[in-house]
Amino acid sequence: MKLISSLFLFLLFSVTLSAQDFTKISDPKACKAALEKQHKETKAIQADFTETATSPLLTAAQKGSGKMWYKKENKIRWEKSKPESQVILINGKTVKLQEKGKEVSSASSKMVVKKIQGLMVQMMTGEFLNEKEFKITYYENKSNYKLVLTPKSDKMKRYVSEIILVFNKKELTIKELTMLTDNDNKLVYSFSNMEVNGTINDSKFTTF
């Protein structure tokens with residue numbers, strides 16, 4: 001669970017959104033089409049993130065921060081700097097993990113990373129919008145869209161019970177990602193200083 005917490009990603013964000021009421025969108029076609037268009041036009045993303053993990057087993061929320069980079073096709077660098085160093089590199093089907101400056105080679109750890117890899121790529125590319133793996137309910141308020149993703153398969157439900165994505169209406173960029181598990185663990189990522197379609201060297205996704 002510690003590894004999964006550190007991964008997300010993608011991840012997930014304490015902002016003033018909680019004070020804004022969302023209403024369900026009765027016909028989400030326009031919202032879905034706008035998000036699909038934005039994802040197709042997005043070639044690269046880089047941003048800062050903060051991470052907040054809560055659990056019934058924790059006496060206080062655990063907080064972290066770092067930077068992420070995304071580049072088509074299927075390239076992600078997730079670099080957590082606080083409270084301790086962790087780097088995840090996804091380059092197509094190749095996944096690497098480094099913790100505290102040392103590459104992790106254990107089969108069990110890599111298996112967890114592989115399971116999370118598919119989710120991370122879906123969130124970055126907008127692939128989740130095809131609803132093959134998730135049922136999506138759309139909400140909105142004055143300035144944001146909120147998408148609530150519920151896994152369809154029992155296999156996926158073992159890892160996550162719900163994913164909540166919040167997008168800025170104007171720029172259609174992700175602001176917040178929340179992941180919930182069946183045992184009430186919650187991971188929230190908040191993104192800031194986002195740059196879309198900037199230049200990112202491919203070495204970001206191959207070299208720790």
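User: How many bridges join strand β10 to strand β11?

Analyst: This is a predicted model, in which local features need pLDDT of at least 70, side-chain atom pairs count only at pLDDT 80 or more, and totals for chains, interfaces and linings use all residues. Residues are numbered from 1 along each chain as its sequence is written, and side-chain values use heavy atoms, with hydrogens and water left out. Strands are DSSP runs (E, at least two residues), numbered from the N terminus, and two strands pair if DSSP finds at least two bridges between them. Strand β11 covers residues 174-180 and runs antiparallel to β10; the number of bridges joining them is 6.

User: Which residue in the hairpin of β10 and β11 takes a positive phi?

Analyst: The hairpin has 5 residues between its strands. The positive phi is near 60°, and the residue that takes it is leucine 172.

User: How many residues of β10 are buried?

Analyst: Buried means under 20% relative accessible area, with a 1.4 Å probe and protein chains only; exposed means over 50%, and partly exposed is in between. Strand β10 is mostly covered, and of its 7 residues the buried number is 6.

User: Which residue in the turn between β5 and β6 has a positive phi?

Analyst: Strand β5 (residues 86-91) runs antiparallel to β6 (residues 94-99). The two form a hairpin with 2 residues between them. The phi is about 70°, and the residue is glycine 92.

Technical notes. Helix = DSSP H or I, 4+ residues; strand = E, 2+ residues; numbered from the N terminus.
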